[in-house]
Amino acid sequence: MVLSMLLFYGCGSQSNRRTASSPGRVSASTGAVYSFNNDDTTKFQVFTLPKEVVGPRLKFIQGGRAVLGSQEQDIMGFRDNIERTVTVASFFLDETEVTNVDYKEFLFNMKSRVSADSILKLQPNDRVWDGLLSYNDVYATYYFNYPGFNFYPVAGVSWTQANVYARWRTIYVNELSREKNKLDSTLSQSQLIERGAVFPDYRLPNEAEWEYAAKAMIGTQYMDENQENGRIYPWDGRGPRNPYNIKRKSRQGDFLANFKRGRGDYAGIAGSVSNDGDIIPTNVYNYPANDFGLYNMAGNMNEWVQDVYRPLSFQDFDDLNPLRKDGVFDEASTYNTTMISDEFRVYKGGSWRDVAYWLSPGARRFLHQDSATNHIGFRCAMIAVGGRDR
């Protein structure tokens, strides 16, 4: 009898549970009947969430506890990436770096929005390929413009330009969503948000999000939350080669990232089975994804993140969604160098021209936000807001 009553109340409470996609017909506070007529402004309206808003090519990164910082020896002696436990909220992240063709679309669409002078300021800096003592000038002409490089990561883009791209992407995908759902063009941003029909802002991931997503520790644990091992790189093992014969759609012994193997060695010996063949950046899908489904979170291109650089960030960070927005608690005036200011931003990941040391997700470097190089690209993130059954 007691068991029957428990089952009855258990089922009853479950069936009456209100969610974003099933809010019920009547207010639990007042008993008033909800209005679902969007044209009736005389009654309180409840908007149901028809589906979770997710942008194209975004991968869901389930949040949780993470140990940030490098598990490699600090051979540079920077002491700016000591280990610290934090919690990162769920978010979405581009599965690949932003490609040349993605950036071309951005420039094409921006031509109808800004002046010609502004377009010139948004163009990738092709001169990043020039070298006084090398013959790489051909890439200055071809890398961004030639169709064969369409799905290679965009290079020569500064932190500032990457942020403009993210703002444009937010505006443009929301315009397309409005057209697709045939929404009234007079609706304000606030009204679109109420209807669940607008994408949250695209943005650069912060350093904690990027590092958490790169390590992808979900591949090392069981249901009891015990993680069997740490990760130096975004994959298992202590080196840059695939330790398995089936995992990650790669042969055992294959390289798992595009990086510089040693002084003067960008690809290996021609004809060798271990020659990766990638002397410069390569197609963003050429190497296996990590356990979150993200490609090239080590190697190929370094990537800009939101954070202002400070050596003491890992000591000062909040332990929930850490982000350094400026130099508070670690002022630039305490350093006897012009390389520490709020205009210097963190980049991570290692690239085609970096040795394996920099492939560790915990490694961090910095550059002025208006600088551009041939080894720094970016990808966009988006916060995960409340879903259908939450």
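A salt bridge is a side-chain nitrogen of Lys or Arg within 4 Å of a carboxyl oxygen of Asp or Glu. Arginine 127 is exposed at 51% relative accessibility, while aspartate 130 is partly exposed at 33%. Here buried means under 20% relative accessible area, exposed over 50%, and partly exposed in between, with a 1.4 Å probe and protein chains only.

Good morning, colleagues. The structure is a predicted model, in which local features need pLDDT of at least 70 and side-chain atom pairs count only at pLDDT 80 or more, whereas totals for chains, interfaces and linings use all residues. Residues are numbered from 1 along each chain as its sequence is written, and side-chain values use heavy atoms, with hydrogens and water left out.

I begin with the overall picture. The protein has 8 helices and 9 strands; helices (H or I, at least four residues) and strands (E, at least two) are DSSP runs, numbered from the N terminus. Of its 390 residues, 45% count as buried. The C-alpha atoms fill a box of roughly 80 × 60 × 50 Å along the principal axes.

Let us turn to helix H2, residues 100-110. Which of its residues are buried? They are Asn100, Tyr103, Phe106, Leu107, Asn109 and Met110. These buried residues pack against helix H3 (116-122) and helix H5 (159-180). The axes of H2 and H5 lie 11 Å apart, at an angle of about 70°; axes are lines fitted to C-alpha atoms, for helices over the stretch in contact, and angles run from 0 to 180 degrees between N-to-C directions. The two helices are therefore roughly perpendicular, a term covering 65 to 115 degrees, with angles under 35 roughly parallel, over 145 roughly antiparallel and the rest oblique. On the H2 side the contact (heavy atoms within 4.5 Å) includes Tyr103, Phe106 and Met110, and on the H5 side Val164, Trp168 and Tyr172 are among the residues involved.

Glutamate 175 pairs with arginine 113, their closest N and O atoms being 2.8 Å apart. Because glutamate 175 lies in H5 and arginine 113 in the loop between H2 and H3, the pair ties together parts 62 residues apart in sequence. Both partners are partly exposed, glutamate 175 at 32% and arginine 113 at 34%.

The structure holds 18 salt bridges. Elsewhere, Asp80, Glu207, Glu211, Lys348 and Arg364 are linked in a network of salt bridges.

I close with the backbone. Most residues other than glycine have a negative phi. Which phi does alanine 216 have? Its phi is positive, about 50°, although it is not a glycine. Alanine 216 lies in the loop between helix H7 (207-215) and strand S5 (302-308) and is buried, with a relative accessible area of 0%. Asparagine 296 lies in the loop between H7 and S5 and has a positive phi of about 55°. At 4% relative accessibility, asparagine 296 counts as buried.
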